[in-house]
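Subject: Structure handover

Hi,

Here's the structure I promised to pass on to you. Have it open while you read, and I'll walk you through what turned up.

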Amino acid sequence: MPLLFHSLLPRCLQALLPSSCVLCGSLGKDAVCPACTEAHARDVHPRCPCCANPVGGHDAGRHCGACLADPPAFDATVAACDYGAPVDRLVLQLKFGGRLALAPWMVGRLHQAVLARGPDLPALLCPVPLGPRRLVERGYNQALELARPLSAALGIALAPRLLERQVETAAQSGAAPGQRRRNVRGAFALADGQPALQGMHVGVVDDVMTSGHTLDELAGVLKRAGAARVTNLVFARTPPH
């Protein structure tokens with residue numbers, strides 16, 4: 001009887017307290033309904049395999065000109081969708097509004113994108129770290145809220161404290177393009193007591209990738225610690241303007 005109760009409880013709660021889509025308000029089991037997901041969070045672009053910026057159809061699978069001219073420290077980027085309306089509103093709600101119920105939906109999209117890229121999965125996942133002050137202000141790290149369920153879905157080990165932010169940098173979202181690289185230079189380090197990374201493929205998880213400077217800086221730290229390959233796993237990618 002207890003086993004039957006526990007198996008029926010989620011269905012009963014779903015029937016009594018259904019979720020409503022944050023975009024259209026329709027009832028369902030997810031934070032964003034399938035119709036809105038299909039309309040707004042479906043990846044429709046061929047992308048540069050290194051930085052995930054959109055490329056032309058004939059260039060699918062090839063590095064873009066920017067990555068060829070100035071190769072970043074990371075080796076690949078997987079993005080689930082573009083950072084644009086109304087997806088940008090959902091990212092901000094997760095990041096600053098405490099809407100943690102959006103994280104499983106985002107991870108579902110990212111999980112599909114990762115599997116679509118093929119079998120070369122990282123051996124270890126880590127989130128982009130927040131500084132202590134910002135973590136206290138926000139109460140959670142949105143990158144960790146994505147990395148934890150993504151780790152479980154992919155069956156990949158999670159190292160939540162692999163990296164640490166040594167310098168409380170200004171928010172990248174408010175910085176001019178030329179300032180963003182300077183903001184994060186020397187801001188990160190491998191935390192004490194972390195596992196050896198020699199020859200390892202590490203995946204770095206974040207909610208959104210804009211200029212890529214933060215992820216580039218983190219990849220440099222991981223490579224200097226012995227990582228052989230670094231892949232960014234991000235829910236949304238800001239298209240170039």
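Let's start in helix α7 (residues 142–154), where E145 and R148 sit about one helical turn from each other because they are three residues apart. (Helices here are DSSP runs of H or I with at least four residues, strands are runs of E with at least two, and both are numbered from the N terminus.) The general point behind this is that an α-helix has 3.6 residues a turn, so residues three or four places apart point the same way. E145 and R148 form a salt bridge, with 3.7 Å between the closest N and O atoms. By salt bridge I mean a side-chain nitrogen of Lys or Arg within 4 Å of a carboxyl oxygen of Asp or Glu. R148 is partly exposed, at a relative accessible area of 43%. For that wording, buried is under 20% relative accessible area, exposed is over 50%, and partly exposed is in between (1.4 Å probe, protein chains only).

Before going further, a word on what you're looking at. This is a predicted model, in which local features need pLDDT of at least 70 and side-chain atom pairs count only at pLDDT 80 or more, while totals for chains, interfaces and linings use all residues. Residues are numbered from 1 along each chain as its sequence is written, and side-chain values use heavy atoms, with hydrogens and water left out.

Back to the salt bridges: how many does the structure hold? There are nine salt bridges. Among them is the one between R62 and D59, at 3.6 Å from N to O. R62 counts as exposed at 51% relative accessibility, and D59 counts as partly exposed at 36%. Another joins R229 to D120, with the closest N and O atoms 3.3 Å apart. That pair links distant parts of the chain: R229 is in strand β9 (residues 229–237), D120 is in the loop between α5 (102–116) and β4 (124–127), and 109 residues separate them. R229 is partly exposed, with a relative accessible area of 29%, while D120 counts as exposed at 51%.

Next, how the helices pack. In general, two packed helices are described by the angle between their axes and the distance between the axes. The axes of α5 and α7 come within 9 Å and cross at roughly 50°. That makes α5 oblique to α7. α4 and α5 pack at about 130°, with their axes 10 Å apart, and are therefore oblique to each other as well. The axes are lines fitted to C-alpha atoms, for helices over the stretch in contact, with angles from 0 to 180 degrees between N-to-C directions. Angles under 35 degrees count as roughly parallel, over 145 as roughly antiparallel, 65 to 115 as roughly perpendicular, and the rest as oblique.

Now look at α9. Is α9 largely enclosed or open, and why? Ten of its twelve residues are buried, so α9 is largely enclosed by the rest of the structure. The buried residues include H213, D216, E217 and L222. The twelve residues of α9 (residues 213–224) should span 16 Å at 1.5 Å a residue, and the end C-alpha atoms are 17 Å apart, which agrees. (The expected span is 1.5 Å times one less than the number of residues.) Just after α9, G226 takes a positive phi of about 110°.

Most residues other than glycine have a negative phi, and most peptide bonds are trans. A52, though, has a positive phi near 70°. A52 is in the loop between α2 (34–40) and α3 (65–69), and at 0% relative accessibility A52 counts as buried. A cis peptide bond joins A85 and P86, with omega about -5°. P86 lies in the loop between β3 (76–82) and α4 (87–96).

Last, the cysteines. The structure holds zero disulfides, a disulfide being a pair of cysteine sulfur atoms within 2.5 Å. C50 is in no disulfide, and the nearest cysteine sulfur, that of C67, is 3.8 Å away. C50 counts as buried at 3% relative accessibility, and C126 counts as buried at 0%.

Happy browsing!
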